[in-house]
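Thanks for coming, everyone. Please bring the chain up on the screen, and I'll walk you through it.

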Amino acid sequence: MINFEKFTLKNGLKVIVHKDRSTPIVAFNLLYNVGARDESEAQTGFAHLFEHLMFGGSVNIPNFDEPLQKVGGTNNAFTSNDITNYYITLPKDNLETAFWLDSDRMLSLAFTDKSLEVQRSVVIEEFKQNYLNQPYGDVWLLLRPLAYSTHPYKWATIGKEISHIEDAKIDDVKAFFHKHYLPNNAILTIAGNIETEEIKTLAKKWFGDIPSGKITDRKLPKEPKQTEERRLEVLRDVPANAIYKAYHMPNKKHADYYTIDLLSDVLSLGKSSRIYVSLVKNQKLFSEISAFISGSHDEGLFTISGKLLEGVSFKTAEEAILKEVDLIKKEPVNALELSKVKNKIESTTQFSETSVLNKAMSLSFAELLGDANDVNSEVENYQKVTAEGIHRVANEILIETNCSTLIYAKSK
């Protein structure tokens, strides 16, 4: 059970406070409700670019990292198609430093041509290194637009193409910032050995005077139901052939979300899971194989991916995957399989809750989706999943007309 209190500043900033007496470290997590899905299709990669720009210094603090390091703190951030999340951990006695740093960049990020040029270069290099020049790096640059025809999930967080970042102008960047990086579009969660009144005082002092902005309703185009199988085959300089099968699934708030998540676990969680035992261990068709969900706020993807062993044809490999899919569609999973994946979820959740940072993030994510208290019903939601439920969702989503298949063939 994660206990917490929450309050909202007059400018709309939501603040969540979780008290943990067991640690001298405090987690400071600032979540912005903006991700790659909020970009224009003609200017993608901006949310991720901002993840970098926010470390480029603010008007009053030219170097974000230096004062934090001096007080024993560490920080980082990540961007997804749905959110941008910044986090700091530091000793309790130095907590105010985090408030000072993050409030200043929310209020007055330093927009300079030099900062843009530096961070643009970093992002372009990351695009090349991680997505274009790394084996299998471009998989999601190919699979997303194959699976999505309409919804902005059709481009990856890094962006559709490098030119969008290369061509980004300072005015475009400023406009994106002032539209999304607002107190009333953010959730601040503090976790550690702290007092709520202390956090209220610090939040009002550092964030209270930052003006709120106009948040426009997100009116994203809904992805139409896929009615035909889609396929793409590419040749790449990679060590092994690979196959990716992506099926559309409901969004994160849907009643079937937990059931579908456990379906993926039954198929591939651990070395005693169905497709690992059958396709890796027994039939020796794949060197590795997994099933996983994207966990997206809007309608996401259930993906089965694997790397083929030398000499195994794509036809043989795909037929073997489809045979396993048919098996799980034909009859409900047994009690032992279901119990095993539920226990794994429970132990993973309990372990994650030993970290104040994990708890701060979980509270922020849950609040964004509706209510921070939902973190306390996660395990219960998984425990409620039935074998019949898994059987039903398997038959609803694991159908080939709902699938986009990427055949990723090695060129040599």
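How much accessible surface does the chain have, and what share of it belongs to carbon and sulfur atoms? The surface comes to about 18,700 Å², and carbon and sulfur atoms hold 51% of that. Keep in mind that this is a predicted model.

Now the overall picture. The chain carries 15 helices and eleven strands. Its radius of gyration is 23 Å, close to the 22 Å that the globule rule gives for 412 residues, so the chain is as compact as a globular protein of that length. Along the principal axes, the C-alpha trace spans about 60 × 50 × 40 Å. Of the 412 residues, 54% are buried. Look at contacts between residues at least 6 apart in sequence: 81% of them join residues at least 24 apart. Then the charges. There are 49 positive and 56 negative ones, and their mean positions lie 2 Å apart.

Let's go to helix H1, residues 46-53. How many of the eight residues of H1 are buried? Eight of the eight are, so the helix is largely enclosed by the rest of the structure. The buried set runs Phe 46, Ala 47, His 48, Leu 49, Phe 50, Glu 51, His 52 and Leu 53. What covers them? The cover includes two strands, E4 (74-79) and E5 (84-91). It also includes the helices H4 (113-132), H6 (162-166) and H7 (170-180).

Stay with H7 for a moment. His 180 sits in that helix. With a relative accessible area of 8%, His 180 is buried, the cut-off being under 20%. Leaving out residues up to four places away in sequence, His 180 touches Tyr 32, Val 34, Asp 38 and Asn 185. From His 180 to His 254 it is 74 residues along the sequence and 26 Å in space, C-alpha to C-alpha.

Where is Asn 251? Find the loop between strand E8 (242-249) and helix H9 (257-268); Asn 251 is there. Is Asn 251 buried or exposed? Its relative accessible area is 18%, so Asn 251 counts as buried, under the 20% limit. The side chain of Asn 251 makes two reaches to backbone nitrogens. One goes to Lys 253, at 2.9 Å. The backbone nitrogen of His 254 lies 3.0 Å from a polar atom of that Asn 251 side chain. Further along the sequence, Asn 251 touches Tyr 257, Ser 296, His 297, Asp 298 and Glu 299; residues up to four places away are not counted. Lys 281 is another matter. It is 30 residues from Asn 251 along the chain, and the two C-alpha atoms are separated by 33 Å.

Next, Gln 226. This one belongs to the loop between helix H8 (196-207) and strand E7 (230-236). Its relative accessible area is 4%, and Gln 226 is buried. Which side chain does Gln 226 join through a polar contact of 3.0 Å? That is His 248. The Gln 226 side chain also has a polar atom 2.9 Å from the backbone oxygen of Cys 403.

Thr 23 is another loop residue, between strand E2 (14-19) and strand E3 (25-32). At 17% relative accessibility, Thr 23 counts as buried. A polar atom of its side chain lies 3.0 Å from the backbone nitrogen of Ile 25. Beyond four places in sequence, Thr 23 touches Asn 193 and Val 356.

Last, two backbone angles. Tyr 136 has a phi near 70°, a positive value in a residue other than glycine. Look for Tyr 136 in the loop between H4 and helix H5 (139-147). Lys 284 also has a positive phi, about 55°, and is not a glycine. Its loop runs between helix H10 (274-282) and strand E9 (286-293). Which of these is buried and which is exposed? Tyr 136 is buried, at 14% relative accessibility. Lys 284 is exposed, with a relative accessible area of 54%.

That's the tour. Thank you.

How values were computed: Residues are numbered from 1 along each chain as its sequence is written. This is a predicted model: local features need pLDDT of at least 70, side-chain atom pairs count only at pLDDT 80 or more; totals for chains, interfaces and linings use all residues. Side-chain values use heavy atoms; hydrogens and water are left out. Helices (H or I, at least four residues) and strands (E, at least two) are DSSP runs, numbered from the N terminus. Buried means under 20% relative accessible area, exposed over 50%, partly exposed in between (1.4 Å probe, protein chains only). Contact means heavy atoms within 4.5 Å. A polar contact is a pair of N or O atoms within 3.5 Å; within protein, one must be able to donate a hydrogen and the other to accept it, and residues adjacent in sequence count only if both atoms are side-chain atoms. The radius of gyration is taken over C-alpha atoms; the globule rule is 2.2 Å times the number of residues to the power 0.38. Accessible areas come from the Shrake-Rupley method with a 1.4 Å probe; for residues, only the protein chains shown count as cover. Lys and Arg count as positive and Asp and Glu as negative; His and the chain ends are not counted. The place of a charge is taken as NZ of Lys, CZ of Arg, CG of Asp or CD of Glu.
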